[in-house]
Amino acid sequence: ETVAIGLRFFAAVGARPPRADDVRITDKVRQAYPLVDVRYAQAKSGELSLMDALKELAPARLRLAGLMRVLDAARERGDVRARLRGLGARNCLRGEEVVVTGVCELLGGREDNRGDTRRELIECIEQLGGTCKSDVKGTDARPGTTLLVVGLGEKGVDGKRNGRGEAPETSGKFRKATEINSKRAAKRHSEEQKRREKEEAMRNNPRIKKPHEVKSVPPDIRILREDEFYA
């Protein structure tokens, strides 16, 4: 039954219309598997059959299975949780408003875990004094989310795996955080431009005495991958 579900998934992916900018193929994926774009195009055109793709995938699946066993053994010893608690003094995350997106693999990613893989990470963040929220908030004028932690797994749904393999960068939370950061960067640039223009006007017209009052813009939302957060 599991094999049948997997085959149906691959067949469904192969039946989708081609997308030149498929967001599931990131630069990191290309670095790890340089032939991904070539093989993807071959699969789309029919030059690479489903069975060919499965045969090429087999060694990687075995290697991944081995790595997951190693990861499970390290996780059972509690190294990640202990390291998280040792990030700094108690309440070292006080004042941080944190959102977690995607499937977490390092702390909650046990193979038998079919629930919310973010749960243990969220507990650790709260124990360190941080406040976890369910969604990204903030504008170019108002603060809100200060940190977004992106899981190393797929996008999933509510921290749970769904087998679609979508990159976590496609999540609404990730998109919202990057949009807020872009607006803040634009606001800072605009305010700096207004300040310079006002200074130039003051130099050319002595009657202008008051400089431009630069509006405060909140700091950007820090975006960290799950492994970067633990580092």
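A residue is termed buried at under 20% relative accessible area, exposed at over 50% and partly exposed in between, with a 1.4 Å probe and protein chains only. By this criterion C104, at 0% relative accessibility, counts as buried, and C132 is likewise buried, with a relative accessible area of 19%. The structure is a predicted model, in which local features need pLDDT of at least 70, side-chain atom pairs count only at pLDDT 80 or more, and totals for chains, interfaces and linings use all residues. Residues are numbered from 1 along each chain as its sequence is written, and side-chain values use heavy atoms, without hydrogens and water.

The pLDDT, the predictor's confidence in each residue from 0 to 100, averages 78 over the chain, with 72% of the residues scoring at least 70. Where pLDDT is low, the predicted coordinates should not be read in detail.

Both C104 and C132 belong to the largest nonpolar core, which has eleven residues, including L121, I125 and F229; such a core is a set of buried Ala, Val, Leu, Ile, Met, Phe, Trp, Tyr and Cys residues joined through side-chain atoms within 4.5 Å. Two or more residues each come from β1 (97-101), α6 (119-127) and β3 (147-150). Another core, of eight residues, lies apart from it and includes V99, L148, V150 and I221.

No disulfides (pairs of cysteine sulfur atoms within 2.5 Å) are found in the whole structure. The sulfur of C132 is too far for a bond because the closest cysteine sulfur, in C124, is 9.9 Å away.

Conventions. Helices (H or I, at least four residues) and strands (E, at least two) are DSSP runs, numbered from the N terminus.
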